[in-house]
Amino acid sequence: MKEHSLFHKVTIGIIVLWLLLFALIPNIIMFVVSFMEYDSSSFVKAVFTLDNYKQFFSDNYFKIFINSFKIAAIATALCLIIGYPFAYILARSKSKYKGLLALLVVIPYWTSALIRTYAISYMLAANGLINTILIKIGIIDAPLKLLYTEGAVIFGFVYTLLPFMILPLYATIEKFDFKYVEAAQDLGASKLKTFYHIILPLTSPGIIAGVVLVFLPALGLFYIPSLLGGGKTMMVSNIIQEQFTTSVIQNWPLGSAASVLITVVMGLMIWAYYKSSKSFQTKVL
Amino acid sequence: MKTSKLQWSYIFFVYVFLYLPLIVLIVFSFNDAPTGAVWKGFSLRWYEKLFHSSTLISGLINSLIIGISSATLVTIIGTLSAVTLFRFKFFGKNFIISLLYILIMSPEIIMGISLLLLFKFLSLSLGFQTLLITHITLCLPFVMAVLFTRLSNFDIHIIEAAKDLGANELQTFFHIILPSIFPAVVVAWILSFTISMDDSICAFFTSGPRFEILPQKIYAMVRTGVKPEVNALSTIIFGVSMLIVIVTQIMLKERKR
């Protein structure tokens, strides 16, 4: 290839500069700030400290941190339990509308997640649809407290993130060769054994992709716990949001430390996903 | 294996779960009562209220301004760099691609605060410019992905033929490459526009009170409870998103043909 023309130098220059300035450097700043002291006048004081992390692992924050992972994990598990049979049935059906049915899963996703969260709060409210119906048919006398609970937060995550679980599962099961199942059953394996030893391991890339795609956003979508949990269910994302925007004392180093911790968890998960998909490829293919 | 009735009913219930909240929201946007799930008769009063709500309208206008400008800029930057990355090998190419991966993987909340820190560091005041930068950065990897997919089955010999016939770089780009990848460019623009319009995380960090977009206004309104005019707005947004999706699908079909 001959020397690059000016045109190429300019385009490469723009993209490299953009990515360095707005993708790499901000993350480095965040990392550095997480090791700095809080200062009330200028947000950050350039003194090295580990206090932000210590604060996280000692008091209340740690509880919130663990609770966030718990909520995200429960929501992910529910998405898997609801999504796997759904994807399995749909992928194996012989219906000619299969493609259209898969598309129907995505359509609600094309409205903003914020609006979908609002829709959930609208349904769960004291005078919302669910309570109204329950009272009408006489199951309950007074409205149940559905909104502003941890259950509502989990419900919101499942509702918002279910398509991210279903689609990778659908794609993997769709490609799965069911001759393996026939072979296993010809050799005398029970249905449960076939599922556990054949179908489950061979569709695991879809499961892992779905888990990553649900779990990670669940850690970041701060408006779901704040709109559906009503400030009672705090998650890491709420701490970050408060420290950076709404809180009276905006402790940016503390918020940065929380973000770095989330990034580390995220990096580990993506790394595990990458590793497992690679070992899967070498094992099976 | 034939799908049994039981299995179809399971499928059906999941769809109910996915659609019911949105349908309720849409139906009750036409309800005459301000709150509650009791039907008080058909009314367009919330739509009327919506059009008189200066908060929501100004948010919508800001969202459209930022959506159109960021989508246009990111499509230009993304298309030019995707084409260059696709055609040439050069030092640091893998580094660029891995930075794009980092961007696509990092949660929006992290992107939001890291950019906020950068803007603070550069003493930029938050508003239109900072949000524009944020949305371009947010959409860039998606634009690149759409174009890489299209370019991966682009016949490179056509470029050589154009060169042999004496076309220079700019001519090759504008007369050969661009027309053939144009549907993908349009898809990339629509995708970026949607991402920008939908962004309900980054904007909270990188846009100030001087320039608030629609999700910020909606969030502020619904934090304190049900607002029927937000139902009306949601219905309109849902309708428009449907329209955009259908147009995109048709364009993708055209591209395949």
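**Figure 1. Contacts along chain A of the predicted model.** In chain A of this predicted model, 70% of the contacts with a separation of 6 or more join residues 24 or more positions apart. Buried residues are 42% of the 285 residues in chain A.

**Figure 2. Helices, strands and overall spread of chain A.** Chain A contains 13 helices and 2 strands. Chain A is more spread out than a compact globule, because its radius of gyration is 24 Å, well over the 19 Å that the globule rule gives for 285 residues. Taken along the principal axes, the box filled by the C-alpha atoms of chain A is roughly 75 × 70 × 40 Å.

**Figure 3. Helices of chain B.** Chain B has 11 helices and 0 strands. Read from the N terminus on, the order of its elements is α-α-α-α-α-α-α-α-α-α-α. The C-alpha trace of chain B spans about 75 × 60 × 30 Å along its principal axes.

**Figure 4. Burial and contacts in chain B.** Of the 257 residues in chain B, 44% are buried. A residue counts as buried if 20 or more other C-beta atoms lie within 10 Å of its own. Among the contacts in chain B with a separation of 6 or more, 81% are between residues 24 or more positions apart.

Methods
Residues are numbered from 1 along each chain as its sequence is written. Chains are lettered from A and ligands numbered from 1 in the order in which they are written. This is a predicted model: local features need pLDDT of at least 70, side-chain atom pairs count only at pLDDT 80 or more; totals for chains, interfaces and linings use all residues. Helices (H or I, at least four residues) and strands (E, at least two) are DSSP runs, numbered from the N terminus. The radius of gyration is taken over C-alpha atoms; the globule rule is 2.2 Å times the number of residues to the power 0.38. A residue is buried if 20 or more other C-beta atoms lie within 10 Å of its own, exposed if 12 or fewer, and partly exposed in between; C-beta atoms are placed from the backbone. Two residues are in contact if their C-beta atoms, placed from the backbone, lie within 7 Å.
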